[in-house]
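This report concerns a predicted model.

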Amino acid sequence: MIGYPFIESFFSAILSKSEAIQGRFFFAPKHGHEINSDELGRVLEESKPLISGVKYPLALCMPPVCVVESSVEQRWKNFVFKMFFLKTSYYTSDNQVANPNNGTRTSQHSLMFDWHDMARCAENFLKAVKIVQKHQLLHNTTFRLNTERKTIITPISNIGIDRASGVRVDFEAALFTGCELEDYIEAD
């Protein structure tokens, strides 16, 4: 049976090809509290090698909620995903104001641009998942996005110590888990 480890490796493989995210993806076991403390850099170093010490932009996934059907013969598990695509608002990696306006000493890169940039990353991620899913249909279907439900993209701003901004993406998918009974002997 496959589950959370497969999802993590599947999403990591896709996001490692993203020119923006560059593989900076991890499950947030503390439900996002990692970005509310100075520990984000350490968490990223432990989970993924950082590219030249860069923390952002990044994608993180809250632990997915599994919706189990009541049927014993159910071979697919449905998951509800909450992912975040984030970058640091207004600031560069060395805490300098990004593209400062000389007159006002504020950033010329507004939150609206952060939302736009990260929404594009999220949309491209979902498109890449669909492409992989379509190619898998030729020989093996393991993961499929729910096309009956809408994907919701919500802008978020100035989260945590790093003042991260971007988007939250809510979507559903199903994972083929097989039909074997792992923890019991069926005859018993």
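## Cores and backbone features

Helix H1 contains Ser9. With a relative accessibility of 39%, Ser9 is classed as partly exposed, because that class lies between the buried limit of 20% and the exposed limit of 50%. Ser9 lies 17 residues from Phe26 in sequence, and their C-alpha atoms are 9.7 Å apart in space.

The largest nonpolar core comprises 28 residues. Phe11, Phe81, Met83, Phe85, Phe125, Phe143 and Phe171 have the most contacts inside this core. Two or more of its residues come from each of helix H1 (4-15), strand S1 (25-27), strand S2 (58-61), strand S4 (76-88), helix H3 (111-136), strand S5 (143-145) and strand S7 (164-176). Helix H3 makes the greatest contribution, with seven residues.

Most residues other than glycine have a negative phi. Gln22, which is not a glycine, has a positive phi of about 55°; Asn158, likewise not a glycine, has a positive phi of about 50°. Gln22 is placed in the loop between H1 and S1, whereas Asn158 belongs to strand S6 (residues 152-159). The relative accessible areas of these residues are set out below.

| Residue | Relative accessible area | Class |
|---|---|---|
| Gln22 | 34% | partly exposed |
| Asn158 | 32% | partly exposed |

Methods
Residues numbered from 1 in each chain as written. Predicted model: local features only at pLDDT ≥ 70, side-chain atom pairs only at ≥ 80, totals over all residues. Heavy atoms only, no water. Core = buried A, V, L, I, M, F, W, Y, C linked by side-chain atoms within 4.5 Å. Buried < 20%, exposed > 50% of the residue type's maximum accessible area, 1.4 Å probe, protein only. Helix = DSSP H or I, 4+ residues; strand = E, 2+ residues; numbered from the N terminus.
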